[in-house]
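Today I am opening a new notebook page.

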Amino acid sequence: MPNALLSIQIIPKTPNGEDVIPYVDRAIEIIQASGVKYQVNPLETTMEGDLDELLTIVKKMNEAVIEFGSTGIISQIKICYNPEGVSMDKLIEKYRP
């Protein structure tokens with residue numbers, strides 16, 4: 001069972017003040033390629049998995065956005081960690097119809 005949830009909001013600095021969405025899309029592509037369970041939300045994306053693996057994904061996301069052309073990034077991260085296991089679905093099931 002996964003031991004962590006990690007929510008991340010990537011805020012890239014763009015070279016000429018252009019739209020950040022293509023940079024954010026690039027970061028989400030890294031999550032998609034990782035194979036971890038994830039959910040994209042309007043202001044952040046939440047991943048579910050092993051904490052070490054999720055932190056490695058965050059590093060890869062930041063590197064990919066820089067390679068894409070960003071001149072700097074702020075990554076806001078929230079972590080829910082429980083060695084016994086944690087689940088996105090379990091935490092939000094009472095709010096789903």
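I started with strand β3 and found both of its faces covered: Thr45, Met47 and Gly49 on one side and Thr46 and Glu48 on the other are all buried. Buried means under 20% relative accessible area, exposed over 50%, and partly exposed in between (1.4 Å probe, protein chains only). I note that this is a predicted model, where local features need pLDDT of at least 70 and side-chain atom pairs count only at pLDDT 80 or more, while totals for chains, interfaces and linings use all residues. Residues are numbered from 1 along each chain as its sequence is written, and side-chain values use heavy atoms, with hydrogens and water left out.

Two strands pair if DSSP finds at least two bridges between them. β1 (residues 4-13) pairs with β3 in the antiparallel sense over five bridges, and there Leu5 stands opposite Glu48. β2 (residues 37-40) is also antiparallel to β3, over four bridges, with Gln39 opposite Thr46. β2 and β3 form a hairpin, with four residues between them.

Which residues make the nonpolar patch of about 360 Å²? I found Leu55, Ile77, Ile79 and Tyr81. Areas come from the Shrake-Rupley method with a 1.4 Å probe, and for residues only the protein chains shown count as cover. Strand β4 (residues 72-81) gives the largest share, three residues. Ile79 sits in β4 and counts as partly exposed because its relative accessibility is 45%.

How values were computed
Patches are made of residues with over 30% relative accessible area and no salt bridge: like charges are joined within 9 Å, nonpolar side chains (Val, Leu, Ile, Met, Phe, Trp, Tyr) within 5 Å. A salt bridge is a side-chain nitrogen of Lys or Arg within 4 Å of a carboxyl oxygen of Asp or Glu. Helices (H or I, at least four residues) and strands (E, at least two) are DSSP runs, numbered from the N terminus.
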